[in-house]
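Please keep the sequence and the model in view while reading.

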Amino acid sequence: MPEAWLTGPVAGVPPLLQPVAHALLNAKEQIEEAIEALDTGKLAARPASAASIAWHVTHAIGSLDRLFTYARGESLSDIQRAALEAEQHPTDSPPSAAGLIADFARSVEKAMDQLRGTDEKTLLDLREVGRARLPSTVLGLLFHGGEHTARHAGQVVTTAKLVGEAG
């Protein structure tokens, strides 16, 4: 199967946001393939003290949600802030691979729905990020959501190879 960006336009996603959609779909495929056969011990493993697979997937879910929230011009909710705090304290007993895959797939689908509903005329609208209210744009936040998610998917794939070979 070719990577998502080689499968043509994603239905309903504005042309300028196709790269974001493709990055998210590719990350979804990579994460599912990399972790579907791993047990919770391997998902929690931290080879050479690196972050665990479970942490990377959980962080990708949370950060995608936060970045897309800012892109809508909204502030984080108390639930989102609590999730961010929880990310700082990874657990040794993560959800199963099936649970992580399902949670990540829901996160990507929610993001895809937002991309489909984004008017290209708003892409350069200013947005503020975080409590410091740092400047960005709708496009900057959506693009960063895609590339940040792809970066963590790459970490998941690499770490899955390391823990898969170790056990």
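In helix α1, the residues Val20, Ala21, Leu24, Leu25, Ala27, Lys28, Ile31, Glu32 and Ile35 meet Ala97, Leu100, Ile101, Phe104, Ala105, Val108, Ala111, Met112 and Leu115 of helix α5. Contact here means heavy atoms within 4.5 Å. Helices are DSSP runs (H or I, at least four residues), as strands are (E, at least two), and they are numbered from the N terminus. By class, this contact of α1 with α5 has 16 nonpolar, no polar and two charged residues. For that count, Ala, Val, Leu, Ile, Met, Phe, Trp, Tyr, Cys and Pro are nonpolar, Asp, Glu, Lys and Arg are charged, and the others, Gly among them, are polar.

This is a predicted model, in which local features need pLDDT of at least 70 and side-chain atom pairs count only at pLDDT 80 or more, while totals for chains, interfaces and linings use all residues. Residues are numbered from 1 along each chain as its sequence is written, and side-chain values use heavy atoms, with hydrogens and water left out.

Consider α5 by itself. Its 20 residues reach 28 Å from the first C-alpha to the last, close to the 28 Å expected at 1.5 Å a residue; the expected span is 1.5 Å times one less than the number of residues. Ala97, Leu100, Ile101, Phe104, Ser107, Val108, Ala111, Met112, Gln114 and Leu115 are buried in this helix. Seen down the axis of α5, the buried residues fall within an arc of 160°, so they line one face of the helix. The arc is that of the directions from the helix axis to the C-beta atoms. On the other side of α5, Ala98 and Arg106 are exposed. Buried means under 20% relative accessible area, exposed over 50%, and partly exposed in between (1.4 Å probe, protein chains only). An α-helix has 3.6 residues a turn, so residues three or four places apart point the same way.

Asp113 also lies in α5. With 45% relative accessibility, Asp113 counts as partly exposed.

The partner helix, α1, has 18 residues and reaches 26 Å between its first and last C-alpha, close to the 26 Å expected at 1.5 Å a residue. Among its buried residues are Gln18, Ala23 and Asn26. Leaving aside neighbours within four places in sequence, His22 is in contact with Ala4, Trp5, Gly8, Pro9 and Val10.

Helix α6 (residues 138–166) holds Thr149, a buried residue with a relative accessible area of 0%. Beyond its neighbours within four places in sequence, Thr149 is in contact with Leu24, Ala27, Ala60, Leu64, Phe104 and His144.

The loop between α2 (40–44) and α3 (53–71) contains Ala48, whose phi is near 55°, a positive value in a residue other than glycine. Ala48 is exposed, with a relative accessible area of 83%. Ser49, in the loop between α2 and α3, has a positive phi of about 65° although it is not a glycine. At 58% relative accessibility, Ser49 counts as exposed.

In α3, 15 of the 19 residues are buried, so this helix is largely enclosed by the rest of the structure. After α3 comes Gly73, with a positive phi near 85°.
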